[in-house]
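Let's take a friendly look at the aromatic rings in this model, one question at a time.

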Amino acid sequence: PQHHSLLWIAKDALMAELPPNWRACQDESGGVYYFNFATGESLWDHPMDEHYKELFAREKQQLEQGQAAAPAKQKKAKGTRKAKMV
């Protein structure tokens, strides 16, 4: 893949926990959406998706400018945690 060195971002995004007050819910047809019980906001996309899209864009731009992307352990987004596998 063209952006193989950035796959760590996708992996982190897939394992990202929900921010405080957010919960995954299901609609009547079984579709998953996210609801913030503190603000009443609801989203179809994971609340952290935008963060990871922006992170990917920044890292991609650095790669295109000739700077190598650091491994995931060095470039983890501040304040994000991986979900525990059950």
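This is a predicted model: local features need pLDDT of at least 70, side-chain atom pairs count only at pLDDT 80 or more; totals for chains, interfaces and linings use all residues.

Q: How many aromatic pairs does the structure hold?
A: Rings count as a pair if their centres lie within 6.5 Å. Under that cut-off, the number of aromatic pairs in the structure is 2.

Q: Is the pair of Tyr 33 and Trp 44 stacked or edge-to-face?
A: The two ring centres are 6.0 Å apart, and the planes make an angle of 65°. Planes over 60 degrees apart fall in one class, so the pair of Tyr 33 and Trp 44 is edge-to-face.

Q: How many residues apart are Tyr 33 and Trp 44?
A: Tyr 33 belongs to strand 2 (residues 32-36). Trp 44 sits in the loop between strand 3 (42-43) and helix 2 (49-64). The pair links distant parts of the chain, and the separation in residues is 11.

Q: Is His 46 buried or exposed?
A: His 46 is found in the loop between strand 3 and helix 2. Beyond its neighbours within four places in sequence, His 46 is in contact with Ala 16, Glu 17, Leu 18 and Tyr 34. Its relative accessibility is 14%, and the cut-off is under 20%, so His 46 counts as buried.

Conventions
Residues are numbered from 1 along each chain as its sequence is written. Side-chain values use heavy atoms; hydrogens and water are left out. Rings of Phe, Tyr and Trp (its six-membered ring) pair if their centres lie within 6.5 Å; planes under 30 degrees apart count as stacked, over 60 as edge-to-face and the rest as tilted. Helices (H or I, at least four residues) and strands (E, at least two) are DSSP runs, numbered from the N terminus. Buried means under 20% relative accessible area, exposed over 50%, partly exposed in between (1.4 Å probe, protein chains only). Contact means heavy atoms within 4.5 Å.
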